[in-house]
Amino acid sequence: MPGIAEGRLEDRRYQSEIAAECLRQNTLVILPTGLGKTAVALLAAARVLSEGKKVLMLAPTKPLVDQHSEYFSSMLDGISVGMLNGQMRPPKRAAVIAGSRFTVSTPQSVSNDLDNGVYDLSGFGMVIFDEAHRATGNYDYVNVARYIPTGCRTLGMTASPRERCLQDRGGLQEPGPGEDRDAHRGRP
């Protein structure tokens with residue numbers, strides 16, 4: 001796969017098939033722990049990056065942000081990976097967004113910056129929500145989803161059962177029969 005460091009990712013057909021689906025439509029990936037949700041995100045992100053678009057990955061805790069930043073930095077060949085956190089001043093976060101092709105952050109920093117017009121998500125081709133089952137109610141994932149531009153894919157990842165992910169239809173939602181998938185991206 002272009003953009004992924006050679007020999008670093010074991011080829012697993014089911015991961016490639018899920019990643020391909022993530023590129024066709026907004027997707028919630030529900031896999032048990034250890035089956036490679038992050039590898040699926042890597043495969044999908046590498047394709048988006050190869051098309052000249054940026055990728056934003058959100059994770060609910062700083063340790064997960066650190067872990068994802070390290071993983072994607074080591075796996076994406078020649079791609080600048082930036083990391084945002086709440087200790088950075090907004091202009092610094094805007095500089096990281098501008099200078100990185102792949103950015104990892106907690107949702108709170110991005111949500112606040114988007115609300116305050118510090119930057120926007122134009123130029124992004126994918127937003128990845130790790131632990132997507134949290135995307136309900138007033139959680140910052142829901143607010144960030146409101147700013148995702150048309151045509152930008154969303155990829156949610158969780159190990160939680162489907163029923164738990166869809167309990168609160170106020171967050172990232174699955175469309176009902178005959179409904180447009182893009183109408184269920186957490187937008188009002």
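**Briefing: helix packing and salt bridges in a predicted model**

The buried residues of helix α5 are covered by elements that include β2 (54–58), α4 (90–99), β4 (102–105) and α6 (140–146). This is a predicted model, in which local features need pLDDT of at least 70, side-chain atom pairs count only at pLDDT 80 or more, and totals for chains, interfaces and linings use all residues. Residues are numbered from 1 along each chain as its sequence is written, and side-chain values use heavy atoms, with hydrogens and water left out.

**Overall build**

- The chain has 7 helices and 6 strands. Helices (H or I, at least four residues) and strands (E, at least two) are DSSP runs, numbered from the N terminus.
- Along the sequence the pattern reads α-β-α-β-α-β-α-β-α-β-α-β-α.
- Of the 188 residues, 48% count as buried. Buried means under 20% relative accessible area, exposed means over 50%, and partly exposed lies in between (1.4 Å probe, protein chains only).
- Take the contacts in the chain with a separation of 6 or more: residues 24 or more positions apart account for 72% of them. A contact means heavy atoms within 4.5 Å.

**Helix α5**

- Helix α5 spans residues 107–115. Its buried residues are Pro107, Ser109, Val110, Ser111, Asp113 and Leu114.

**Helix α1 against helix α2**

- Helix α1 covers residues 13–24 and helix α2 covers residues 37–50. Their axes come within 8 Å and cross at roughly 50°. That makes α1 oblique to α2.
- Axes are lines fitted to C-alpha atoms, for helices over the stretch in contact, and angles run from 0 to 180 degrees between N-to-C directions. Angles under 35 degrees count as roughly parallel, over 145 as roughly antiparallel, 65 to 115 as roughly perpendicular, and the rest as oblique.
- The crossing of α1 past α2 is right-handed. Right-handed means the near helix is turned clockwise from the far one by less than a right angle; anticlockwise is left-handed.
- From α1, Gln15, Ser16, Ile18, Ala19, Cys22 and Leu23 take part in the contact. They meet Ala39, Val40, Leu43, Ala44, Arg47 and Val48 of α2.
- The residues of this contact divide into 9 nonpolar, 2 polar and 1 charged. Ala, Val, Leu, Ile, Met, Phe, Trp, Tyr, Cys and Pro count as nonpolar, Asp, Glu, Lys and Arg as charged, and the others, Gly among them, as polar.

**Salt bridges**

- The structure holds 5 salt bridges. Each is a side-chain nitrogen of Lys or Arg within 4 Å of a carboxyl oxygen of Asp or Glu.
- Arg12 pairs with Glu10, with the closest N and O atoms 3.5 Å apart. Arg12 is partly exposed at 31% relative accessibility, whereas Glu10 is exposed at 54%.
- Glu17 and Arg13 form another salt bridge, at 2.7 Å from N to O. They are 4 residues apart in helix α1, so about one helical turn separates them. Glu17 is partly exposed at 42% relative accessibility, and Arg13 is exposed at 65%.
- Lys62 bridges to Asp66, with the closest N and O atoms 3.1 Å apart. Both lie in helix α3 (residues 62–75), 4 residues apart, about one turn of the helix. Lys62 is partly exposed at 40% relative accessible area, and Asp66 is partly exposed at 31%.
- An α-helix has 3.6 residues a turn, so residues three or four places apart point the same way.
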